[in-house]
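Please walk me through this structure.

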Amino acid sequence: MSGSGPNLPDRLERILGRMVDASTRERILISFASLALALAVGAVLLLLSGAVATCESPFLTLGGTQFCYNPIEVYRVMLNGAIGSPYSLGLTLRETTLLILAGVAVAVTFQAGIFNIGTQGQFIFGGLAGAAAVQYTASLVPANAIGGLVLFAFGMLVAGLAGALYGALPGVLLAYYDANEVITTIMLNFIAGAVAFTAVRSFLREGAAVQTALIPDHAVPPAILFPEASSFSVLIFIPTLLIAVGAHYMLKNSTLGYNIRLSGEQPAAAEYSGVDAKRVIVRTFTLSGLLGGLAGGVFVFMVLGYWQPSVPQVGFDGITVSVLAANNPLGVIPAAALFGVIKSGAIALDLTLGVPRQLAGVLRGIIILFVAMPEFMRMIGRNLGLGDSSSTAPAGTEANDD
């Protein structure tokens, strides 16, 4: 542990240093312990919330106070609503698929030390471009399985390219004009939403609603193993998992991945070793935009079946997922699955027990806080130069992966 630098109490310095030196196995155990603690705190919160709610059949009356919500029943309903049937499991995996792509998109830039919050804009542009591409080309290909495959591949290609181009824009602004990436990506998110609304309303509108034409049925990947009503396709989910694995491999084993991590963790060392920092920034943003655009394409083909300006905040959720996964593309998979379970479970909670969805959102926030806090402390300790690994590895390097 470094004895110089930060003027912190010895106990706090030891804790932060220990967090920095934690192995992967220890970090996984800490995450599970944090999750269990978050569920316990959430149970207490549910109990207290039920004391101020009104209900006909309280599950507990204590000292004249009625408690409406049974925490164990709430968790059971949430879990059953998320994975209790093939349909609900399909909905959960559908949400997980989007969050994996968005989470990996954010994680790639975070690995480069870039705070990118523009994935939402790339998600919007990718989805819009994919839907528009299919709308204009659907009549040019035969309405059969081969034609559907061509449309799907073309739509996803256009979605990815649109996201990549839109993602490259803040990269160029940062690399060559020193524009703050936080400000530019925030502005580009708003611009993407406004442009998408105008484009759909003025050029792509089909029918009375402000939305694009429906994706032809033969271009929608079939639901295999899951009910068709869940709109979930394994044929999209499996490639998404492979993308996360590929991103992890790229960051760990390729020259581009090494340059991305080194540029983010030790910019001075990267420049000294001959890394073209500007090119790395642009490439990183482009890669992130590509993944964000693919998420938009998946949303069009697997979730909505068309594009409309009002879309969920998948890009912003991807930031949370990435932080929860310590910006590790492989860690994004379970983090996204956890979010998928919570989101799907919240719907069942509202329908079955009448518990407000907002309370489910609070539970999600508690889980995020507890699970992400150890990684946040680890980042603080690493930036302060604490821990043995900080003296032998660049900040942020997974020196303890075992």
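Predicted model: local features only at pLDDT ≥ 70, side-chain atom pairs only at ≥ 80, totals over all residues.

Start with arginine 94. This residue sits in helix H4, which spans residues 86-111. Arginine 94 is buried, yet it has no salt bridge. The nearest side chain of opposite charge belongs to glutamate 95, and it is 5.5 Å away. A salt bridge needs a side-chain nitrogen of Lys or Arg within 4 Å of a carboxyl oxygen. What does arginine 94 touch instead, leaving aside neighbours within four places in sequence? Its contacts are Ser230, Ser231, Phe232, Met302 and Val303.

Now turn to the aromatic rings. The structure holds 8 aromatic pairs. One of them joins phenylalanine 125 and tyrosine 166. Their rings are stacked, 4.1 Å centre to centre, with 15° between the planes. This pair links distant parts of the chain. Phenylalanine 125 belongs to helix H5 (residues 119-137), tyrosine 166 to helix H6 (residues 145-177), and 41 residues separate them. Are the two partners buried or partly exposed? Phenylalanine 125 is partly exposed, at a relative accessible area of 21%. Tyrosine 166 has 10% relative accessibility, so it counts as buried.

Helix H6 also supplies a partner to another pair, since phenylalanine 152 lies there. Phenylalanine 301 lies in helix H11 (residues 277-304), so the pair ties together parts that are 149 residues apart in sequence. Both phenylalanine 152 and phenylalanine 301 are buried. Elsewhere, three aromatic residues form one cluster: Phe123, Phe299 and Trp307.

Finish with helix H12, residues 314-324. This helix is mostly covered, with 8 of its 11 residues buried. Which residues of H12 are buried? They are Val314, Gly315, Asp317, Gly318, Ile319, Val321, Ser322 and Leu324. Where do they pack? The buried residues of H12 pack against H4, H5, helix H13 (329-353) and helix H14 (357-383). H4 is also the helix that holds arginine 94, and H5 the one that holds phenylalanine 125. Just after H12 comes alanine 326, which takes a positive phi of about 55°.

Technical notes:
Residues numbered from 1 in each chain as written. Heavy atoms only, no water. Helix = DSSP H or I, 4+ residues; strand = E, 2+ residues; numbered from the N terminus. Buried < 20%, exposed > 50% of the residue type's maximum accessible area, 1.4 Å probe, protein only. Lys, Arg positive; Asp, Glu negative; His and termini not counted. Contact = heavy atoms within 4.5 Å. Phe/Tyr/Trp six-rings, centres within 6.5 Å; stacked < 30°, edge-to-face > 60°.
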